[in-house]
Each structure stands twice: as structure tokens, then as C-alpha cells.
Amino acid sequence: QVQLVESGGGLVQTGGSLRLFCVASRSDFSLNVMGWYRQAPGKQRELVGFVSSGGSTNYADSVKGRFTISRDDAKNTVYLQMNILKREDTAVYYCYTNYLGATYWGQGTQVTVSS
């Protein structure tokens, strides 16, 4: 079983920054896609973006230019750097990865943006 543990969520003001962390329990994710979803109150879960095993990234239009996804395979970790935060970024953020055809999710971490 693959476990993903997220951290780094919290309360920030509009225009601020926050960095999320997700650590995987397995060390062989250098060949796997890793990324992030989010779900705001009353809304459907939305794909934020992902990074491939080759380092290519894709982002939702709503976060392009503000969010950056990166990975450190030596630490089994994927990051979500969030800058210029807006109130509409408020959501529970979930990391995910694919392993042997199955998708695994973190427990989620709350990000609240206020002003």
C-alpha cells in the first residue's frame, strides 16, 4: 500500500505565499506522475496540476503563473509552491500519485486565504 502524507497548509492573507509538502511511503516514484487536486466548499474537485517522471509540468489555467509543482525523488516528496494567493484558492488540497495503474491520495491539507 502507498501512503501520502501532506503538510504545510494554513491560513494566509491575499497576495501571500504558502508551500505544501507531500511525502510518499515508497521510494520508487521517480517513474510516476505526482500532482495535486483541490476541492473548495460547494465545488467539485479540481486538478491543480502535476509533474511527470521526466519533469514536465501541467497546470490548471486558474493557477498558471502563480503555482509551481516540483518533485525531489531523493526525498520521495512532491511540492506545491503557491504565490499571489487569492480568496478563490481556499480549498482542501490533496496530493496524488499513480502506482501500478492505481491512484493514491493524501489525506488533504486545508488552505485558507483571507483578506
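**Ground rules.** I number residues from 1 along each chain as its sequence is written. The model is predicted, so I take local features at pLDDT of at least 70 and side-chain atom pairs only at pLDDT 80 or more, with all residues kept for totals of chains, interfaces and linings, and I work with heavy atoms for side-chain values, leaving out hydrogens and water.

**Entry 1: the core.** I looked up the largest nonpolar core, which has 27 residues. A nonpolar core here is a set of buried Ala, Val, Leu, Ile, Met, Phe, Trp, Tyr and Cys residues joined through side-chain atoms within 4.5 Å. Buried means under 20% relative accessible area, exposed over 50%, and partly exposed in between (1.4 Å probe, protein chains only). W36, L80, M82 and Y93 touch the most other members. I then listed the strands that each supply at least two residues of this core: β3 (18-24), β4 (34-39), β5 (46-51), β7 (67-72), β8 (77-82), β9 (91-99) and β11 (109-114). Strands (E, at least two residues) and helices (H or I, at least four) are DSSP runs, numbered from the N terminus.

I went through the neighbours of Y93, with contact meaning heavy atoms within 4.5 Å. I set aside residues up to four places away in sequence. Y93 then touches E6, L20, W36, Y37, R38, V48, F67, L80, M82, G108, T109 and V111.

**Entry 2: strand β1.** I checked which way the side chains of residues 4-7 point. They alternate. L4 and E6 point to one face and are buried. β1 pairs with β3 in the antiparallel sense, over four bridges. Two strands count as paired if DSSP finds at least two bridges between them. Within this pair, I find V5 opposite V23 of β3.

**Entry 3: the disulfide.** I counted one disulfide, defined as a pair of cysteine sulfur atoms within 2.5 Å. It joins C22 to C95, with an S to S distance of 1.9 Å. C22 lies in strand β3 and C95 in strand β9, so the pair links distant parts of the chain, 73 residues apart. The S-S torsion of C22 and C95 is about 50°, so this disulfide is right-handed. C22 is buried because its relative accessibility is 0%. C95 is also at 0% and counts as buried.

**Entry 4: salt bridges.** How many salt bridges are there? I get five, taking a side-chain nitrogen of Lys or Arg within 4 Å of a carboxyl oxygen of Asp or Glu. R38 and E46 meet at 2.9 Å, N to O. E46 is partly exposed at 31% relative accessible area, whereas R38 is buried at 6%. K64 and D61 meet at 3.1 Å, N to O. D61 is exposed, at 65%.

D89 and R66 form another bridge, the closest N and O atoms being 2.8 Å apart. This pair links distant parts of the chain, 23 residues apart. D89 is in the loop between β8 and β9, and R66 in the loop between β6 and β7. Both D89 and R66 are buried. Through shared partners, salt bridges join R38, E46, R66 and D89 into one network.

**Entry 5: S52.** Is S52 buried or exposed? I find S52 buried, because its relative accessibility is 19%. S52 sits in the loop between β5 and β6 (57-59). Leaving aside neighbours within four places in sequence, S52 is in contact with N32, V33 and R71.
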